[in-house]
Amino acid sequence: MAAEEVPVRVVVRVRPLIAREKLHELSSCVRPILGSKQLVIGKDRSFTFDHVLDEGSSQDEVYEICANPLVESCFEGYNATVFAYGQTSSGKTHTITGADLSAVTQDEQGIISRAVGRIFHMIEVSVRMQRIFAGAL
Ligand SMILES: Nc1ncnc2c1ncn2[C@@H]1O[C@H](COP(=O)(O)OP(=O)(O)OP(=O)(O)O)[C@@H](O)[C@H]1O
């Protein structure tokens, strides 16, 4: 298996403040600790996860950490599920499907588009290799 063999991994992604939150001068109530897997909530309540991604994390980084090892393990016969959980407006849709479905750029693509792209890429590579081997026989 490409990923470490654990049944469930929990990754926390902290999203940046959005326009309406800035407009109301709200501030973030969570603080990722740089270089660690910890997140501080409020003043001093810290929690540890498998990964903590801060406000600056890219869609690509999220995909590589949360989904790609699982997508690749599917080609070794494993089943896997990725789901987003969080309160309303926490960024589930942004993370899973992408920034804005109507005009999504490659950088903004979410986990689903990236996973489907990767699966087709791996199928293409596998077909090419089969052709090369068949030609060599
Ligand atoms: N990582 C991010 N970077 C920039 N903007 C983000 C990010 N995550 C979410 N947003 C923005 O925050 C807002 C809420 O995000 P989103 O719609 O994905 O939340 P949700 O959890 O799916 O909400 P709901 O449960 O209400 O459907 C959107 O305007 C989205 O563009």
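**View 1. The open sheet of β2, β3 and β4 in the predicted model.** Three strands make up an open sheet in this predicted model, and they follow the order β2-β3-β4 with antiparallel pairing. The edges of the sheet are β2 and β4, each of which pairs on one side only. On average, and with direction ignored, neighbouring strands of this sheet are turned by 25 degrees against each other.

**View 2. The hairpin of β2 and β3.** Strand β2, covering residues 30-32, and strand β3, covering residues 38-41, run antiparallel and are joined by three bridges. Within this pairing, Arg31 is placed opposite Val40 in β3. Five residues lie between the strands of the hairpin, and Gly35 adopts a positive phi near 75 degrees.

**View 3. The hairpin of β3 and β4.** Four bridges connect β3 with strand β4, which spans residues 45-48, and the two strands pair in the antiparallel sense. Leu39 is found opposite Phe47 in β4. The hairpin has three residues between its strands, and in the turn Gly42 shows a positive phi of about 70 degrees.

**View 4. The surroundings of the ligand.** The residues that surround the ligand include Arg15, Pro16 and Ile18, and the list continues with Gly86, Thr88, Ser89, Ser90, Gly91, Lys92, Thr93 and His94, together with Ala99. Sorted by class, this shell around the ligand consists of seven polar, three nonpolar and two charged residues.

Methods:
Residues are numbered from 1 along each chain as its sequence is written. This is a predicted model: local features need pLDDT of at least 70, side-chain atom pairs count only at pLDDT 80 or more; totals for chains, interfaces and linings use all residues. A residue is near a molecule or strand if its C-beta atom, placed from the backbone, lies within 6 Å of it. Ala, Val, Leu, Ile, Met, Phe, Trp, Tyr, Cys and Pro count as nonpolar, Asp, Glu, Lys and Arg as charged, and the others, Gly among them, as polar. Two strands pair if DSSP finds at least two bridges between them. Axes are lines fitted to C-alpha atoms, for helices over the stretch in contact, and angles run from 0 to 180 degrees between N-to-C directions.
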